[in-house]
Amino acid sequence: MYYSNTADTDYETCHTAPSLAPHMEASGYSSGDCAYGNRSVLVYWKKINQKYHNGPLLEYEVFVDDAEVEARGPQEVSSSLPIPCEGQHNVSVRGCNQQGCSPKASILIPSYRGKTKKK
């Protein structure tokens, strides 16, 4: 009986846009105090699982009310954003590679409410 030597081979398939959005929880943010009509909101997301990257992930794009605000590196999981104090605002994130971008994941940031005083 003869055995073959083991061999490892890597294959690279054709790249397409990421097929899954990053994961965001409705409670995945923290909000600072309102000053001069804006507040700083820190939003969090879970990275796209590597098997859904469909090629090297280049960045996460962050949107407020459908306007792109910034791009974050592929290892980033949060972004600090200036959000108007008044009204509800939609924050979305999508992952992108050279072939395109994933669907967006979104959370709704409610209107600012001042801190309640304890009695």
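**Close-ups of a predicted model**

**View 1. Strands β2 and β5, side by side.** Strand β2 (residues 38-44) and β5 run antiparallel, with seven bridges joining them. A word on names: strands are DSSP runs of E, at least two residues long, numbered from the N terminus. Two strands count as paired if DSSP finds at least two bridges between them. This is a predicted model, in which local features need pLDDT of at least 70 and side-chain atom pairs count only at pLDDT 80 or more, while totals for chains, interfaces and linings use all residues. Residues are numbered from 1 along each chain as its sequence is written, and side-chain values use heavy atoms, leaving out hydrogens and water.

View 2. In general, the strands of a sheet pair through backbone hydrogen bonds.

**View 3. Glu61 meets Arg94.** The side chains of Glu61 and Arg94 form a salt bridge, at 2.8 Å from N to O (the rule: a side-chain nitrogen of Lys or Arg within 4 Å of a carboxyl oxygen of Asp or Glu). This pair links distant parts of the chain, with Glu61 in strand β3 (residues 59-64) and Arg94 in strand β6 (residues 89-97), 33 residues apart. Glu61 is buried, at 9% relative accessible area, whereas Arg94 is partly exposed at 23%. Here buried means under 20%, exposed over 50%, and partly exposed in between, using a 1.4 Å probe and protein chains only.

**View 4. Asp66 meets Lys104.** Another salt bridge brings together the side chains of Asp66 and Lys104, 3.6 Å from N to O. Both ends are in loops: Asp66 between β3 and β4 (67-72), Lys104 between β7 (100-101) and β8 (105-109), 38 residues apart. Asp66 is exposed, with 58% relative accessible area, and Lys104 is partly exposed at 36%.

**View 5. Arg72 meets Glu76.** The side chains of Arg72 and Glu76 also meet in a salt bridge, at 3.0 Å from N to O. Arg72 has a relative accessible area of 25%, which counts as partly exposed; Glu76, at 32%, is partly exposed too. By the rule used here, the salt bridge count comes to three.

Key: Helices (H or I, at least four residues) and strands (E, at least two) are DSSP runs, numbered from the N terminus.
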